[in-house]
Each structure stands twice: as structure tokens, then as C-alpha cells.
Amino acid sequence: MKTNIENSKGILKLIAIMFIILNISAGCSKSDNKNTNAGTSEVVIQSFAFSPSTITISVNTTVTWTNKDAAAHTVTSDIALFDSGNLATNATYSHQFTTIGTFNYHCTYHPAMLAKVIVQ
Ligand SMILES: [Cu+2]
């Protein structure tokens, strides 16, 4: 009788240890995902183009654009969701994307400058 109780206690202990190990490994992969989904993302405006022209970010990420051209540009949402206005050389503009979707944008001065932000 006593040995049966001790055995079942031993099994419970084993199950508890397995649970802890599973939780630790689950916790690790979770924090790894967090690290790859950084809170900020950078786009450079150079040679009359947005680089990269397509970026994929996680929701709530803030994207910062920097104009590296001598010419002025804008970062303007196709659906008027955001607009940097005039960006002179080395000027920056930031926008936080709080909803999932694909957001096309352009430069109002140069219609050939097209790009998009994909928010997952
Ligand atoms: Cu431009």
C-alpha cells in the first residue's frame, strides 16, 4: 500500500517536471519571436526610390523613413492614412502601423516612387 502511494507520487513528480520543461521551451520560442519582431523598422529614400520598397512588419511597429537624396520627397499613403509632408535632405518621418493590412504609399513629387508596408 505504502509503496503504491510512493509510486504514484513519483509519477506525479515526473509529470510536474515534464510540464515545467515544456513551459520553459515554449517560453523560449515565444521570446525568440519577440526578438525578430522588433518594434522599429527603417526605410531609406535614396536615388528617387524607397529602399526597401516592400517591408513586412508586425502590428504596432513604427517605421521611420530617412531622405538621403539631395532632392525633397514625401512619404504619402495612397489612402491618406499618413503623410510626411515635405522631407528635405536627411529629414526623417515616422509612422506606427496599428492595423493589419497592406499599405501602399508614394512620393507626391515623383509619381514613379511607389512602395508598400505589409503589416502582419
Ligand atoms: Cu520623391
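Reply: Let's start with a term: a nonpolar core is a set of buried Ala, Val, Leu, Ile, Met, Phe, Trp, Tyr and Cys residues joined through side-chain atoms within 4.5 Å. Buried means under 20% relative accessible area, exposed over 50%, and partly exposed in between (1.4 Å probe, protein chains only). This is a predicted model, where local features need pLDDT of at least 70 and side-chain atom pairs count only at pLDDT 80 or more, while totals for chains, interfaces and linings use all residues. Residues are numbered from 1 along each chain as its sequence is written, and side-chain values use heavy atoms, with hydrogens and water left out.

Me: Which residues have the most contacts inside the largest nonpolar core?

Reply: In soluble globular proteins, nonpolar side chains tend to be buried together. Here the largest core has 19 residues, and Phe 50, Trp 65, Val 75, Phe 97, Tyr 105 and Val 117 have the most contacts inside it.

Me: How do I read the site of the copper ion?

Reply: Ideal angles are 109.5 degrees for four tetrahedral donors. Donors are N, O and S atoms within 2.8 Å of the metal (3.2 Å for Na, K and Ca); water is not among the atoms, so sites may look incomplete. Four donors count as tetrahedral if all angles lie between 85 and 135 degrees. In this model, His 73 (ND1), Cys 107 (SG), His 110 (ND1) and Met 113 (SD) coordinate the copper ion at 1.9 to 2.7 Å. The angles are 88 to 133 degrees, and the site is tetrahedral.

Me: Is Cys 107 buried or exposed?

Reply: Cys 107 counts as buried because its relative accessibility is 1%. His 110, at 21%, counts as partly exposed.

Technical notes: Tetrahedral: all angles 85-135°; square planar, octahedral: opposite > 155°, others 65-115°.
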